[in-house]
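Q: I would like to take a close look at a single part of this protein, and I would be glad of one connected explanation.

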Amino acid sequence: MSEPIIYKGRGSAEMRDDFVDFINYVFGFNGNDQDFVKLLPKLYKPEYDPCGNNYVVTVDGKLKSAIGVFVREFDVMGERICSHGIGNVAVHPYSRSKGYMRELMNMAIHDMIDAGADMSDLGGKRQRYGYFGYEMASPACRLEINSTNIRHCFADVPFKKLEFKEVCEGDVSLLDEIYALHNKKVCHAIRPRKAFLDIAHSWSSKLYAILDGDRFIGYFIGDMNELTLANNDDFNDVARNYVSERGKMSIKLPAYDIELISKAQAICDHLSVTNDQNYTIFNFKKVVGAYLKLKAVTTGLIDGSLGVEVNGYARKERFGIEVKNGVPTIVEDINKVDVTLEHHEAVTFFFGAVSPTRMRIPIAAAWFPLPLFINPADHV
C-alpha cells in the first residue's frame, strides 16, 4: 500500500467548493441558513480568494485541516497598522490529535512575521491560542439601555423621530455618505469602497443609515455595532428611537470613543469593561506608538517617561516612551530599562483591561491600557 500524499501550505482557487463544504461541515453548518459565505461574505465569496487566504492540510487531495489568515489594515491617527486575522480554524473530526492545527498555526505566524505584520487578532479560547502568542486584550465598554432608563432620563424632553433605514446595494448615495463618515474617524479599518457592504454584512448583520427626515446623521451595523454619528450630540435621540423600536439597546464602544461612552453612561442601566479579542503583537514599538497618539487626543496623557524591554514572540524590543506637554514620543535608544516584560505580559501591560504588572508602576497605570480595538465587522 502506497504512502498517502500529504500537502501542507496555501490553498488554491480550484479547491474552493470543497473548501467551503469542508469548513461548513466542521463547524456544523448546514449550508443553507448556516453557511460561511452567508456569515462572512467579505471573506468567502470567490472574488476574495478564500482558499488563497487559508493554510490547509490535504491527504490524497482531501481536506483535513484549514486555518484562514486574512490581512486588514487600520488607520490609527494617520498611521497604518497591519493585522492578520485568524479565522475558520478547522480540523476534520477523524484527523484530530495529528498536530495539523499546531503546524498550520506555526506556519501562518512565521509567514506573518516575515511579511511584516504588526499584529494578529482572533476570537477563541485564551489558553488554546496562548501557545501561539495570543493574549486577551482590547478594552471595550459595554452598556445596556432600557425603556426604564429612557423614561426617567427624558421624561420632559420632546421626542424626535428618526429613521433607521437598511442600506442595500442600490442605495449608492447613502453608501457614499456612510463610507465618507467612516473614513473620517481617527481610528478605522481601511475598507475598499466596493467591499464595504460585504464587510458590513459580516456575522449576518445589516447596515443601517440614521436619517433625520432626509438628512443623513450617521450609521450603525447589526444590533448597534459601530455606531458612528456626524454629531455625537444626536446620541440621545438615537438611543430613544432604538429603544422605542427594539425595547432595549446594548452597545459596545471602544475605549477611545469617550464622547459616546460619556453620553451612554449618563443614562445606562448597566456598564462593564472587558477585553474584546485575543491579540498577539509582533511590533510593539510601532503599535504602542500609534495607540499612544490616539489616547493622547481622546483622553489625554500625563507627562512622564518609561523604559521598556519586551521579550516578544517575534523579536526582543527595547524602547522608551516619553510624554511631554501631553504629546507622546517613542524613543529608539535608551540607557535605562524600567520594566522587562515577557510576551504575554507585554500584551496585557499595554493593551489589556487588567494587568497586575501595570498596577505596580504608577506612570504605566496612568497611560495604559491603550485603546486597541477592532470593530466586529472587521473580525474574521
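Leaving aside its neighbours within four places in sequence, which residues is Thr58 in contact with?

A: Before the details, please note that this is a predicted model, in which local features need pLDDT of at least 70, side-chain atom pairs count only at pLDDT 80 or more, and totals for chains, interfaces and linings use all residues. Residues are numbered from 1 along each chain as its sequence is written, and side-chain values use heavy atoms, with hydrogens and water left out.

Thr58 is in contact, once its neighbours within four places in sequence are set aside, with Ile5, Ile6, Tyr7, Met15, Leu63 and Lys64, where contact means heavy atoms within 4.5 Å. Thr58 has its place in strand S2, residues 54-59; helices (H or I, at least four residues) and strands (E, at least two) are DSSP runs, numbered from the N terminus. Thr58 counts as buried because its relative accessible area is 8%, and the word buried means under 20% relative accessible area, while exposed means over 50% and partly exposed lies in between (1.4 Å probe, protein chains only).

From here we can turn to Ser65, which is found in strand S3, residues 62-76. Ser65 is also a buried residue, because its relative accessibility is 0%. Not counting residues up to four places away in sequence, Ser65 touches Phe22, Tyr55, Val56, Val57, Ala90, Val91, Tyr100, Met101 and Leu104. Ser65 and His92 are 27 residues apart in sequence, and their C-alpha atoms are 6.1 Å apart in space.

Another link involves Lys8, which forms a salt bridge with Glu103, the closest N and O atoms being 2.8 Å apart; a salt bridge is a side-chain nitrogen of Lys or Arg within 4 Å of a carboxyl oxygen of Asp or Glu. This pair links distant parts of the chain, with Lys8 in strand S1 (residues 6-10) and Glu103 in helix H4 (residues 100-115), 95 residues apart. Lys8 counts as partly exposed because its relative accessible area is 32%, and Glu103 is partly exposed with a relative accessible area of 33%. A search of the whole structure finds 22 salt bridges.

Ser202 lies in the loop between helix H8 (196-200) and strand S9 (207-212), and it counts as buried because its relative accessibility is 2%. The side chain of Ser202 makes a polar contact with the side chain of Lys42 at 3.3 Å. Not counting residues up to four places away in sequence, Ser202 touches Leu39, Leu40, Lys42 and Ala377.

Note on methods
Polar contact = N/O pair within 3.5 Å; in protein donor to acceptor, adjacent residues only side chain to side chain.
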